[in-house]
Each structure stands twice: as C-alpha cells, then as structure tokens.
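Please read the points below with the model open beside them.

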Amino acid sequence: SSDLLMDEFSKWKEANPMDTYTTVKRSLTLGGNKIIYGKTFVLSTSDEKDSKSFMEWKSLWDTSDISKRAEDGKTISGLYRYPIFAYEGLEGFIDKYGNCDEDAAKKHLMMERKKLEDAGDQQRLIAEIRQMPMSEEEMFGMGGGEDRKSTRLNSSHVKRSRMPSSA
C-alpha cells in the first residue's frame with residue numbers, strides 16, 4: 001500500500017496540481033481503477049487569488065462530491081471531499097480533551113474580520129475569509145481577483161458572511 005499527501009494544492013505555482021494528481025492516481029490503482037493500492041490526501045486552504053491552481057483545486061473539490069457518484073460507486077475524481085472549517089479546531093479554543101469551543105471560535109474569527117473591514121482592508125479581508133472559512137461558500141465564493149473591479153464586485157459576499165448579532 002502507498003499513500004500520497006498533496007499539501008496546499010490550491011497554491012502550487014511551479015507544477016500543475018491536477019496533472020500531478022491524475023498521474024499519481026494511476027500509479028495507486030490497477031485494473032481500470034478497480035484495485036486501489038493506496039490513499040491520496042489532498043489538503044489546502046483556498047488561495048486568496050483566483051490562480052490556475054486555485055481553479056484546479058475548485059474543480060477537484062467539485063468532482064469529489066460523495067453524493068454524486070458514478071455507477072462504480074466512485075466520485076468523478078476518485079476522492080471524497082471533507083471540509084474542516086476554521087472554527088472546528090481553531091488553536092486557542094480547544095480544551096484539554098480535544099473539544100473545540102466552536103461558538104467562541106466563530107466569535108473570534110468574526111472579530112478578526114471586523115477589524116479588517118473597519119480598517120477598509122478589502123484584500124486582506126478576502127484573504128482572511130478564504131484562509132479561515134466558516135462555510136463552503138467562503139472557501140470558493142469570494143472571487144479574489146487581481147484587479148480592484150473584481151474585488152469590489154465580490155465584496156458583497158463579505159456582508160453575507162457575518163454572524164447574527166446574538167452569536
């Protein structure tokens with residue numbers, strides 16, 4: 001059995017992450033993917049820019065939905081996506097038994113976002129939300145484009161990401 005760990009998939013600059021995954025996937029299977037010899041773990045936070053590798057990360061995510069399996073029972077990518085949101089294990093909010101105080105973690109994350117919003121630092125706010133997401137929409141829905149126009153057009157998402165005032 002062989003295992004593969006591909007870390008920070010959405011941020012690769014030199015290699016093509018999707019080509020790498022496709023090649024390695026073939027080496028971990030035989031018989032038309034019927035026999036699996038290893039597991040692949042593809043990890044990443046979303047890059048703050050809509051780079052080519054970010055778009056490939058999004059494509060891999062979309063084709064790894066366990067609720068959309070082919071006749072052979074596998075997802076299109078052969079992977080199962082499993083999101084872990086920032087508040088589910090945020091350092092500083094975990095007790096001695098490994099339990100995370102998710103409500104306190106969410107409150108902290110929202111406070112950090114508010115600081116950036118109050119400072120008018122839209123680019124850092126977008127990066128913070130993508131790197132510390134609290135939902136799947138936040139992982140991919142920001143549109144972290146290079147130009148001011150795309151940032152401005154997509155900043156409306158920031159307002160939707162706020163927690164209710166009772167939280």
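**Notes on the predicted model**

1. L5, F41 and L43 make up a nonpolar patch on the surface, and together they have about 300 Å² of accessible area. A patch takes residues with over 30% relative accessible area and no salt bridge, nonpolar side chains (Val, Leu, Ile, Met, Phe, Trp, Tyr) being joined within 5 Å and like charges within 9 Å. Accessible areas come from the Shrake-Rupley method with a 1.4 Å probe, and for residues only the protein chains shown count as cover.

2. This is a predicted model, in which local features need pLDDT of at least 70 and side-chain atom pairs count only at pLDDT 80 or more, while totals for chains, interfaces and linings use all residues. Residues are numbered from 1 along each chain as its sequence is written, and side-chain values use heavy atoms, with hydrogens and water left out.

3. The protein has 7 helices and 4 strands. Helices (H or I, at least four residues) and strands (E, at least two) are DSSP runs, numbered from the N terminus. Read from the N terminus, the order of elements is β-α-β-β-β-α-α-α-α-α-α. Of the 167 residues in the protein, 33% are buried; buried means under 20% relative accessible area, exposed over 50%, and partly exposed in between (1.4 Å probe, protein chains only).

4. F41, a member of the patch, sits in strand 4 (residues 38-43). Its relative accessibility is 46%, so F41 counts as partly exposed.

5. What is the volume of the largest pocket? It is about 1,100 Å³. A pocket is an open set of points on a 1 Å grid over the protein atoms alone, with protein on both sides within 12 Å along at least five of seven lines; lining residues have an atom within 4 Å of a point. Grid points are joined across faces, edges and corners, and the volume is the space filled by probe spheres set on the points.

6. The lining of the largest pocket has 42 residues, and T40, F41, V42, Y80 and R81 lie nearest its centre. Helix 1 (17-27), strand 4, helix 2 (52-62) and helix 4 (122-131) are the elements that each give two or more residues to this lining. Strand 4 provides the largest share, 6 residues. By class the lining has 21 nonpolar, 14 polar and 7 charged residues (nonpolar: Ala, Val, Leu, Ile, Met, Phe, Trp, Tyr, Cys and Pro; charged: Asp, Glu, Lys and Arg; polar: the others, Gly among them).

7. The structure holds 9 salt bridges, each a side-chain nitrogen of Lys or Arg within 4 Å of a carboxyl oxygen of Asp or Glu. In the pair R113 and E138, the closest N and O atoms are 2.7 Å apart. R113 lies in helix 3 (residues 102-118) and E138 in helix 5 (residues 136-140), so this pair ties together parts that are 25 residues apart in sequence. R113 is buried at 4% relative accessibility, and E138 is buried with a relative accessible area of 4%.

8. K68 forms a salt bridge with D65, with 4.0 Å between the closest N and O atoms. K68 is exposed at 56%, whereas D65 is buried at 12%. A network of salt bridges links D65, K68, R81 and E136.

9. Y87 is in the loop between helix 2 and helix 3 and is buried, with a relative accessible area of 11%. The C-alpha atoms of Y87 and P133 are 8.2 Å apart, and the two residues are 46 residues apart along the chain.

Definitions and conventions
1 Å grid on protein atoms, 1.4 Å probe; cavity = no way out; pocket = protein on both sides within 12 Å on 5 of 7 lines; lining within 4 Å.
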